[in-house]
Amino acid sequence: MSQAGNAARGNIPRGSGPEGDASPDDLLNIVGLRGGYAAADEIVKGADLRVAPGEIVALIGPNGAGKSTLLKLVAGLLRPSGGSVRFKEREIAGLGAPAISRAGLSFVPQERNVFGTMSVAENLEMGGYLDGAHAKKRMAELYERFPMLADKRRAAARTLSGGQRQILAMAIALMNAPDLLLLDEPTAGLSPRAAEELFGTILALNEIGVAILMVEQNALEALTVAGRAYVLAQGRPEHEGRAADLADDPTVRDLFLGGKAAPMLARSDGESSNREMGNNT
Ligand SMILES: Nc1ncnc2c1ncn2[C@@H]1O[C@H](COP(=O)(O)OP(=O)(O)OP(=O)(O)O)[C@@H](O)[C@H]1O
Ligand SMILES: [Mg+2]
């Protein structure tokens, strides 16, 4: 299996996948989703969002907009109070996290996404508990994909660097062989270099067919990697479109991207950046 960062990328390819209106072929199709932490306090207020097979979709927006809450509602950590979440043409709203995970949707939360005192290997075993029959084979594949994890398989997860920990968190989610990976701020707290490497890893996972819905604070970077994006404000997506268009949209720039272009991300062709992606290890 190829690793994202092994070859330096002159142009970061965007996630693949079709564009246009929602279709019955969507992998994930969310309509009118509502919910929060208490019945009286709705955080997500009628969200519509979709992910096609093989797409990378970014979800950006200000702090407190409800991005993490939306992911938790989709992954079954919170019970929606209304709306529909269809995954692989099946209604999953209200099913609960284990059943949703078993259906092929894995969630990497923003925080506490590894077991710090357990070894890397034990963390992966925990990720594979839903499908014990395939766990050994999947671990071997993940060690091949991420040699860093193989080198550190006996090390406690808390001894990993921030970037290594995020790789482990994603690898735990991949033990479930998901069709769709929900990532909540995978690059939070990472150095720019480590964040680039992680974006490279995300692209590599997408290249082997895993669709990705990611929440990101690094909005410009996320819009470089994603094919489509949503801007969430006050509990529902207010802007939706091709990531390249949103990155160039003056309203979006003013509201969420600090209003100015990032020089390193300036696109000459309207499609891709000129940055190099580094290695994962
Ligand atoms: N565990 C919780 N219990 C109660 N309210 C919560 C909880 N977590 C978040 N909230 C509230 O839900 C709202 C949305 O929070 P959420 O974490 O979804 O925002 P976010 O868009 O992910 O923000 P950030 O960019 O800071 O991660 C906030 O008003 C927050 O206070
Ligand atoms: Mg959040």
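Is Asp245 buried, exposed or partly exposed, and what is its relative accessible area? In this predicted model, Asp245 is partly exposed, and its relative accessible area is 43%. Its side chain meets that of Arg242 in a salt bridge, with an N to O distance of 3.2 Å. Arg242 is partly exposed as well, with a relative accessible area of 25%.

Side chains of opposite charge can pair when their charged atoms come close. In total, the structure holds 8 salt bridges.

One of them lies between the side chains of Glu55 and Arg228, at 2.6 Å from N to O. This pair links distant parts of the chain. Glu55 sits in the loop between strand E2 (41–51) and strand E3 (56–60). Arg228 belongs to strand E9, which covers residues 228–233.

Glu42 is partly exposed, with a relative accessible area of 27%. Arg34 is also partly exposed, and its relative accessible area is 32%.

The surroundings of these pairs can be set side by side.

Notes
Residues numbered from 1 in each chain as written. Chains lettered and ligands numbered in written order. Predicted model: local features only at pLDDT ≥ 70, side-chain atom pairs only at ≥ 80, totals over all residues. Heavy atoms only, no water. Salt bridge = Lys/Arg side-chain N within 4 Å of Asp/Glu carboxyl O. Buried < 20%, exposed > 50% of the residue type's maximum accessible area, 1.4 Å probe, protein only. Helix = DSSP H or I, 4+ residues; strand = E, 2+ residues; numbered from the N terminus.
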